[in-house]
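Reader: I'm new to this one, and I'd like a close look at a single part: the place where the two chains meet. Could you walk me through it?

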Amino acid sequence: MNWYDILFYAFALITVVSAAGVVLSRNIVYAAFSLLFTFFGVAALYVLLSADFLAITQILLYVGGVLVLIVFGVMLTNRANKVEVKHGGLTLAPAVLVAGVIAGTLIGVLTTTKWPAASFEPYEETARPLGALLMTQFVLPFELASVLLLVALVGAVIIARREKARRV
Amino acid sequence: MTVHVGLTQFLVVSAILFSLGIFGVMTRKNAIMVLMGIELILNAANINFVAFTRFGLMNLSGQVTAVFVIILAAAEAAVLLAIVLNMFQQINTVNVDEVDKLKN
């Protein structure tokens with residue numbers, strides 16, 4: 001066991017345990033905070049996979065953007081004295097069954113598959129080649145993504161407006 | 001556990017994350033909690049892309065795809081939260097099973 005393995009198992013443990021906290025916690029605020037640790041754990045896994053640009057993007061966009069949005073949503077849609085989350089009693093057993101079967105099948109397949117011999121290259125920075133790829137081979141999806149973000153922005157503003165304001 | 005960490009270990013972590021996300025989406029009633037489950041699923045998919053890129057089964061386009069997945073997740077979260085806010089103002093609930101205005 002070298003340092004890489006120890007770090008991997010530590011971060012994998014953090015990620016999985018906090019993800020379990022997200023889906024099992026009864027309090028929505030605790031779930032949101034667990035999600036924070038999950039995102040950080042995934043960012044650490046990206047670093048271990050030598051994807052430096054993606055790790056930073058993960059922290060900036062997920063922790064700085066999506067999680068703040070989620071916390072705002074929690075804040076705006078919950079009364080202060082009623083934060084516990086309604087659990088579906090009837091759906092619990094099928095959900096455990098389906099998630100368990102999916103997890104078992106995936107892990108079984110993944111551990112028994114003979115993956116081709118990994119070529120584990122030394123670390124090299126990815127920001128420059130990623131930018132080059134975005135501007136050459138992936139320029140159409142890149143532009144579409146910018147249009148999509150604009151549409152999502154305008155759409156979110158219009159949807160979230162109050163109904164009364166629209167009738168003025 | 002003396003197995004050297006390779007592609008399989010990363011994929012197993014991603015599979016566990018995916019199953020937890022599925023479980024969350026299926027059991028939660030609160031729309032924001034469902035969104036959290038979806039984010040877990042998208043993160044699991046992203047770990048797969050990056051791991052395949054790192055271990056030489058995909059070239060760098062795997063990481064580009066992961067960037068696009070992150071962009072889509074951000075846009076989706078914004079739109080979903082706008083819908084949830086509107087739902088809360090109109091019918092005063094965020095539980096997805098109580099939104100049955102169109103029934104009957």
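Author: Here is a walk through the contact between the chains, starting with some background. This is a predicted model, so local features need pLDDT of at least 70, side-chain atom pairs count only at pLDDT 80 or more, and totals for chains, interfaces and linings use all residues. Residues are numbered from 1 along each chain as its sequence is written, while chains are lettered from A and ligands numbered from 1 in the order in which they are written.

Chain A first. Its secondary structure comes to seven helices and zero strands (helices are DSSP runs of H or I with at least four residues, strands are E runs of at least two, and both are numbered from the N terminus). Of the 168 residues in chain A, 23% count as buried (20 or more other C-beta atoms within 10 Å of a residue's own, with C-beta atoms placed from the backbone).

Now to the meeting place. Chain A puts 71 residues into the contact and chain B puts in 65, where two residues are in contact if their C-beta atoms, placed from the backbone, lie within 7 Å. On the chain B side, helix 1 (7–27), helix 2 (31–54) and helix 3 (61–91) each supply at least two residues. Helix 3 of chain B gives the most to that side, with 23 residues. By type, the chain B side splits into 43 nonpolar, 18 polar and four charged residues (Ala, Val, Leu, Ile, Met, Phe, Trp, Tyr, Cys and Pro are nonpolar, Asp, Glu, Lys and Arg charged, and the others, Gly among them, polar).

Let's stay with helix 3 of chain B. Its axis lies 10 Å from that of helix 3 of chain A, at an angle of about 10 degrees (axes are lines fitted to C-alpha atoms, for helices over the stretch in contact, and angles run from 0 to 180 degrees between N-to-C directions). These two helices are therefore roughly parallel to each other, the word for angles under 35 degrees. Among the residues that meet here are L69(A), I70(A) and G73(A) from chain A and A73(B), A77(B) and L81(B) from chain B.

Finally, the largest nonpolar core has 68 residues, and L45(A), Y46(A), I70(A), I32(B), M36(B), V50(B) and A51(B) touch the most other members (a core is a set of buried Ala, Val, Leu, Ile, Met, Phe, Trp, Tyr and Cys residues joined through C-beta atoms within 7 Å). Helix 3 of chain B gives the most to this core, with 14 residues. M36(B) sits in helix 2 of chain B and is buried, with 28 other C-beta atoms within 10 Å. Beyond its neighbours within four places in sequence, M36(B) is in contact with V22(A), A31(A), L35(A), I70(A) and G24(B).

Methods
A residue is buried if 20 or more other C-beta atoms lie within 10 Å of its own, exposed if 12 or fewer, and partly exposed in between; C-beta atoms are placed from the backbone. Angles under 35 degrees count as roughly parallel, over 145 as roughly antiparallel, 65 to 115 as roughly perpendicular and the rest as oblique.
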